[in-house]
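Subject: Structure handover

Hello,

I am handing over the structure shown below. My notes on what was found in it follow.

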Amino acid sequence: MAEILVAGETLVDLLPGAGATLRDVDGFTHRPGGAPANVAVGLTRLGAPPAFWTRLGDDPFGDFLRETLDEEGVPSALARRVAGNTTLAVVSPPSVDARRFRFYGSRDVAFGFAPDAVPTDALASASWVHVGGVALTHPGGRRAMRTLAAAAAERGCTVSFDVNYRPDLVPDGDRDAVVEAIRAILADADVAFASDDDVAATGLSSRDGAPLARDLLELGPHTTVVTLGAAGAVAASTPAAPWGETTARHAGFAVEAVDATGAGDAFTAGLIARLATGTDGTAGLAAGDSPNPADGLAFANATAALSVRERGGMTALPDRAAVEAFLAEQA
């Protein structure tokens, strides 16, 4: 079993063709997606294939996603096929600033994780567990992800959590329950990922950048990472972190962006691969090297920069050799 366990949704992204708005586009191209799925594939391409607990519909799109994960080399033991149609995430054209994604299809299939199906047995061989936040918009997903994070923390795993708050997916009246679940997982998490938009929408903080990262530390994690889009990312940590108390910032890399879908997931995969270091070096560092947030931000931003140069979230994720070559060129 892999040392890293990723948990969360797999779905299909529908990428728009030419057109200024969704009503004007001339068609869509389907691509595999879902933030945790992108992270799982990103880690695999970076040399750290994780176990992946996810749900796949029993429709043709579910077959497509199952085949994709197999082709990518993502371990399949924890992928569950369930009855129902695959959730579709329709991506807005680049010219649209708001509502980058609109979700269609069964929410139960992608996000309806069963609390009694949490793969606690897999924690025996996991040293790092990463939980995606979108599943918290579903009642079952909330309970399941809270159970997994708490169990992983109890067993001494490093727990990372991507807030990834999607207001459009939160049913009327459920906002407080979702925010409560976010707070609960942050309390169990060691490393938290968020954007200022994520946190502002939840009401957890109104600040951005390094002040926001410091605010999130007060909720439980020893390390917090705030992504800043084209401006890079900032990380903050407490003395309890393996790398000690620090604040680090990396301004990112200037590249010609074609499609930003999944860039945040590429970043997350890059940073986890750099921080979750295996003794043999396969998780992102040379054997014997110690991980640190400053080095990790550079590697993660390089991973994200390469991912935006092609269309598609998962399909554009780079491998480790490409990231290392890019960093060498930048140096």
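Helix α7 covers residues 209-217, and its buried residues are Gly 209, Leu 212, Ala 213, Asp 215, Leu 216 and Leu 217. Buried means under 20% relative accessible area, exposed means over 50%, and partly exposed is in between, with a 1.4 Å probe and protein chains only. Helices (H or I, at least four residues) and strands (E, at least two) are DSSP runs, numbered from the N terminus. The cover over the buried residues of α7 includes β10, α6, β11 (223-227) and β12 (233-237).

This is a predicted model, in which local features need pLDDT of at least 70 and side-chain atom pairs count only at pLDDT 80 or more, while totals for chains, interfaces and linings use all residues. Residues are numbered from 1 along each chain as its sequence is written, and side-chain values use heavy atoms, with hydrogens and water left out.

The loop between β11 and β12 holds Ala 230. Ala 230 is exposed, at a relative accessible area of 81%. From C-alpha to C-alpha, Ala 230 and Ala 254 are 7.9 Å apart in space, and they are 24 residues apart in sequence.

The whole protein

The protein has 10 helices and 13 strands. Its C-alpha trace spans about 50 × 45 × 40 Å along the principal axes. The radius of gyration is 18 Å, which agrees with the value near 20 Å that a compact globule of 331 residues would have. That radius is taken over C-alpha atoms, and the globule rule is 2.2 Å times the number of residues to the power 0.38.

Of the 331 residues, 56% are buried. The accessible surface comes to about 13100 Å², and carbon and sulfur atoms account for 48% of that; accessible areas come from the Shrake-Rupley method with a 1.4 Å probe, and for residues only the protein chains shown count as cover. Among contacts (heavy atoms within 4.5 Å) between residues at least 6 apart in sequence, 68% join residues at least 24 apart.

Helix α1

Helix α1 is largely enclosed by the rest of the structure, because 10 of its 11 residues are buried. The buried residues run from Ala 35, Pro 36, Ala 37, Asn 38 and Val 39 to Ala 40, Val 41, Gly 42, Leu 43 and Thr 44. They pack against β1 (4-7), β3, β4 (51-57), α2 (60-72), β8 (128-132) and α8. After α1 comes Gly 47, with a positive phi near 95°.

The largest pocket

The largest pocket holds about 1400 Å³ of space. On a 1 Å grid over the protein atoms alone, a pocket is an open set of points where a 1.4 Å probe fits, with protein on both sides within 12 Å along at least five of seven lines, and lining residues have an atom within 4 Å of a point. Grid points are joined across faces, edges and corners, and the volume is the space filled by probe spheres set on the points.

The lining has 50 residues, and those closest to the pocket centre are Ser 195, Thr 227, Ala 260, Ala 263 and Gly 264. Elements that give two or more residues to the lining are β2 (11-16), α1 (35-45), β7 (101-104), β10 (191-195), α6 (196-202), α8 (263-275) and α9 (293-307). The most comes from α8, with five residues. By type, the lining has 25 nonpolar, 13 polar and 12 charged residues. Here Ala, Val, Leu, Ile, Met, Phe, Trp, Tyr, Cys and Pro count as nonpolar, Asp, Glu, Lys and Arg as charged, and the others, Gly among them, as polar.

Loop residues

Gly 19 is in the loop between β2 and β3 (28-33), and it is partly exposed, with a relative accessible area of 32%. Leaving aside neighbours within four places in sequence, Gly 19 is in contact with Asp 24, Val 25 and Pro 93. Pro 93 is 74 residues from Gly 19 in sequence and 7.0 Å from it in space, C-alpha to C-alpha.

Gly 312 lies in the loop between α9 and α10 (320-330) and is buried, at 0% relative accessible area. Not counting residues up to four places away in sequence, Gly 312 touches Leu 15, Arg 31, Asp 259, Thr 261 and Ser 307.

Asn 164 is in the loop between β9 (158-162) and α5 (175-188). Its relative accessibility is 9%, so Asn 164 counts as buried. Most residues other than glycine have a negative phi. Asn 164 is not a glycine, yet its phi is positive, at about 45°.

Regards
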